[in-house]
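Let's walk through a few spots in this one together. Have a look at the sequence and coordinates first.

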Amino acid sequence: MDDLFELAIAVLVPLGICVVLPVLIVFFITRISTNSDNKRAEVLIKAIECNANIDADKLTEALSKQKKTPMELLNIRLLRGCIFTLLGVAATATAAIIGSNRPELNFQYPIIMFAGFCFAVGISYLIVYFVSRKSVTDNNNN
């Protein structure tokens, strides 16, 4: 009976994490987006019903999500790049300290994997920042 329970856990947990969780995340994000669009439409309909001389275009623009400027996007990329790169460096240092002090734990390998992931994401954000920086500043000067 214990073998059956362990087998069920070994199958259901990865399925829950790899299948059900991503599907639920996408479902909730889609539902939130749809609800916000419906609320904006309701506000527009009510405003048009109550006042016939209202400018619907200005109201739509006021209710729409604010777009970030290219410079704001560039600064966000730089910030994320620095954060992830420093997380990768800090995790690597942590793994080195754990590996040198307690080599029998073998706990440094997951930390090194996490560090590699963070470092790769951080470097990719920094690459995108440095590549797109010139085009954003050129567009602002024109």
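Asp-37 is partly exposed, with a relative accessible area of 42%; buried means under 20%, exposed over 50% and partly exposed in between (1.4 Å probe, protein chains only). Heads-up: this is a predicted model, where local features need pLDDT of at least 70, side-chain atom pairs count only at pLDDT 80 or more, and totals for chains, interfaces and linings use all residues. Residues are numbered from 1 along each chain as its sequence is written, and side-chain values use heavy atoms, with hydrogens and water left out.

Q: Which residue meets Asp-37 in a salt bridge?
A: A salt bridge here is a side-chain nitrogen of Lys or Arg within 4 Å of a carboxyl oxygen of Asp or Glu. The structure holds one. Its N to O distance is 2.9 Å, and the partner of Asp-37 is Arg-40.

Q: Is Val-23 buried or exposed?
A: Val-23 lies in helix α1, residues 2–50. Its relative accessibility is 55%, so Val-23 counts as exposed.

Q: Which residues does Ser-132 touch, leaving out those up to four places away in sequence?
A: Ser-132 belongs to helix α4 (residues 108–141) and is buried at 15% relative accessible area. With contact meaning heavy atoms within 4.5 Å, Ser-132 touches Leu-74 and Arg-77.

How values were computed:
Helices (H or I, at least four residues) and strands (E, at least two) are DSSP runs, numbered from the N terminus.
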